[in-house]
Amino acid sequence: MRILAINDVSCVGKCSLTVALPIISACGIECNVLPTAILSTHTGGFTGYTFRDLTDDIPDILTHWKSLGLKFDFIYSGYLGSIAQIELVSNIKKELLAEGGKFVVDPVMGDGGKLYAGFTPEYVAKMRALCAEADYILPNVTEACFLADMPYPLTPANAELAVRKLQAYCPIPIVTGVTENGKVGVYYADGEKVSSYTHNNVEGNFHGAGDVFGAAFVGCLANGKTLQFTVELSSDFASKSIARTAREVEDRRYGLNFEAETFDFLKKLNA
Ligand code: PXL
């Protein structure tokens, strides 16, 4: 079993590959990486960060991999710095996903009702097209609203409608971060129905939480777990990491203390 995680390296501020690699490896799965960019920190809340776009390196990396006959059982994409990179990921899926393999797209574009720095409506349209090639998509509420063309925020009352609308693109949308009345939930397509799974909400903005959820999601699925088990265990892991971070970490830009919750997560994964 081999996963390819396509995402940036934010050197400080745990997110993207610095979250995907340790979590997927801890799940007992080989995690190969394709870094899309190298940043000194992620772009959420820091100023003055460096950003080296690695788009030009990707074609040669792919040529080498093809010469080795590599195929991946899962391809998991996250933050993509440009429309050109979305197009590259679409080609990578066509050429390097093993027969019967799964393509998981986290359409990382925004949070809090807004697109992240540098993203445009044209980018959203391209990301929608990439979602149409995926087996699973993992948007947060902001991304779901942009993709499904619905007003932000989603409430539980219209989260089900959002999941149904997103099914026009991808069979299994999983929408995270739906909040109301002190609760936060994940809404997802589960066979014919839309299911949800909720926790008590911790107020505030926790950078990298979506990436912790996404990495755990892929790690659980790659272990052959059902969708319901995968959604519930990944949400428990992200939610416990958020609660611990709220207690222990003052500056939320540095990411979740997921490390301290990993042992408990793995015990449940391997029970
Ligand atoms: O966690 C999402 C993310 C990933 N990568 C980069 C980001 C962000 C969110 O701000 O800036 C570079």
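Predicted model: local features only at pLDDT ≥ 70, side-chain atom pairs only at ≥ 80, totals over all residues.
Residues are numbered from 1 along each chain as its sequence is written. Local features need pLDDT of at least 70, side-chain atom pairs count only at pLDDT 80 or more, totals for chains, interfaces and linings use all residues, and side-chain values use heavy atoms, with hydrogens and water left out.

**Ligand site**

The ligand is surrounded by Asp8, Ser10, Cys15, Ser16, Leu39, His42, Thr43, Gly44, Tyr79, Val108, Tyr116 and Asp211, where a residue is near a molecule if one of its heavy atoms lies within 4 Å of it. This shell divides into five nonpolar, five polar and two charged residues; Ala, Val, Leu, Ile, Met, Phe, Trp, Tyr, Cys and Pro count as nonpolar, Asp, Glu, Lys and Arg as charged, and the others, Gly among them, as polar.

| Residue (side chain) | Ligand atom | Distance |
|---|---|---|
| Asp8 | nitrogen | 2.7 Å |
| Thr43 | oxygen | 2.6 Å |
| Asp211 | oxygen | 2.8 Å |

Of the 320 Å² of accessible area that the ligand has on its own, the protein covers 96% (Shrake-Rupley method, 1.4 Å probe).

**Largest pocket**

The ligand sits in the largest pocket, in that more than half of its atoms lie within 2 Å of the grid points of the pocket. Pockets and cavities are found on a 1 Å grid over the protein atoms alone: a cavity is a set of points where a 1.4 Å probe fits but cannot get out, a pocket is an open set with protein on both sides within 12 Å along at least five of seven lines, and lining residues have an atom within 4 Å of a point.

The largest pocket holds about 1100 Å³ of space, a volume being the space filled by probe spheres set on the points. Its lining has 49 residues, of which Asp111, Asn140, Phe206, Ala209 and Gly210 are the closest to its centre. By class, the lining comprises 20 nonpolar, 23 polar and six charged residues. Elements that each supply at least two lining residues include β1 (2-12), α5 (141-148) and α7 (209-222); helices (H or I, at least four residues) and strands (E, at least two) are DSSP runs, numbered from the N terminus.

**Cavity**

There is one cavity of 30 Å³ or more. The largest cavity contains about 50 Å³ of space and is lined by Leu233, Asp236, Phe237, Lys240, Glu261, Asp264, Phe265 and Lys268. Two or more of the lining residues come from each of α8 (227-248) and α9 (259-269). Three lining residues are nonpolar, none is polar and five are charged.

**Loop between α5 and α6**

Pro153 is found in the loop between α5 and α6 (156-166), and a cis peptide bond with omega of about -5° joins Tyr152 to Pro153. Asp149 is also placed in the loop between α5 and α6. Phi of Asp149 is near 55°, a positive value in a residue other than glycine.

Methods
Polar contact = N/O pair within 3.5 Å; in protein donor to acceptor, adjacent residues only side chain to side chain.
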